[in-house]
Amino acid sequence: MNIFYNIEVIRADITTLKADAIVNAANNSLLGGGGVDGAIHRAAGPDLLNEIRKLNGCATGNAKITRGYNLPANYVIHTVGPVWHGGDKGEPDLLKSCYESSLQIAYENNFESIAFPSISTGVYGYPLEEAAKVAINTVISFLEGRESKLRVQFVCFSESDKHIYMKILKSVRN
């Protein structure tokens with residue numbers, strides 16, 4: 001395991017994790033899509049979609065919570081990351097807001113564990129290393145500013161993704 005304070009980087013299928021909450025990299029409708037979003041919807045089952053229909057979507061940079069249904073995680077925090085347009089259209093601030101909004105929900109619910117995928121790095125095209133820097137720096141800032149037992153996992157799709165997250169995490173901790 002690679003743990004730094006309350007932050008861990010793992011390679012896993014986020015839909016198999018037992019946590020208070022997993023984070024879904026969703027689209028604005030929250031009604032499901034491809035990648036992590038589609039996998040979470042399939043694993044959670046149809047009750048997730050029924051609950052989501054009552055949420056009326058979600059703005060980019062914000063987050064909303066649902067139950068986890070058939071997932072091992074108790075809850076799903078759905079957040080909508082920005083589409084990458086070169087980095088000068090507010091993407092870093094919107095991505096930072098995704099992590100802050102999700103962490104705030106976890107904090108308000110006294111969660112002890114939350115697992116994040118790499119938000120916006122799939123079909124939304126956000127460069128992985130840039131996204132990982134935003135994610136790690138935002139989580140560290142959030143955790144340092146609060147009394148919390150929250151354990152944060154960054155769940156990577158591949159070993160190469162995990163290596164990038166580990167490299168960045170080590171650089172901010174040294």
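With 174 residues, a compact globule would have a radius of gyration near 16 Å, and the value of 15 Å found for the chain agrees with this; the radius is taken over C-alpha atoms, and the globule rule is 2.2 Å times the number of residues to the power 0.38. The structure is a predicted model, in which local features need pLDDT of at least 70 and side-chain atom pairs count only at pLDDT 80 or more, while totals for chains, interfaces and linings use all residues. Residues are numbered from 1 along each chain as its sequence is written, and side-chain values use heavy atoms, with hydrogens and water left out.

Along the principal axes, the C-alpha atoms of the chain fill a box of roughly 45 × 35 × 30 Å. The secondary structure comprises 5 helices and 7 strands, arranged along the sequence as β-β-β-α-α-β-β-α-β-α-β-α. Helices (H or I, at least four residues) and strands (E, at least two) are DSSP runs, numbered from the N terminus.

Of the 174 residues, 47% count as buried, where buried means under 20% relative accessible area, exposed over 50%, and partly exposed in between (1.4 Å probe, protein chains only). Among contacts in the chain with a separation of 6 or more, 67% are made by residues 24 or more positions apart; a contact means heavy atoms within 4.5 Å. The accessible surface comes to about 8400 Å², and 48% of this area belongs to carbon and sulfur atoms; such areas come from the Shrake-Rupley method with a 1.4 Å probe, and for residues only the protein chains shown count as cover.

Helix 1 spans residues 35-44, and its buried residues are Asp 37, Gly 38, Ile 40, His 41 and Ala 44. These cover an arc of only 160° around the axis and therefore lie on the same side of helix 1; the arc is that of the directions from the helix axis to the C-beta atoms. The cover over these buried residues includes strand 3 (21-26), helix 2 (46-52) and strand 5 (75-80). On the face turned away from the buried side, helix 1 carries the exposed residues Gly 35 and Arg 42. Just after helix 1, Gly 45 takes a positive phi of about 95°.

Ala 43 is also found in helix 1 and counts as partly exposed because its relative accessibility is 27%. When residues up to four places away in sequence are not counted, Ala 43 touches Thr 15, Asn 70 and Leu 71. The C-alpha atoms of Ala 43 and Met 166, which are 123 residues apart along the chain, are separated by 28 Å.
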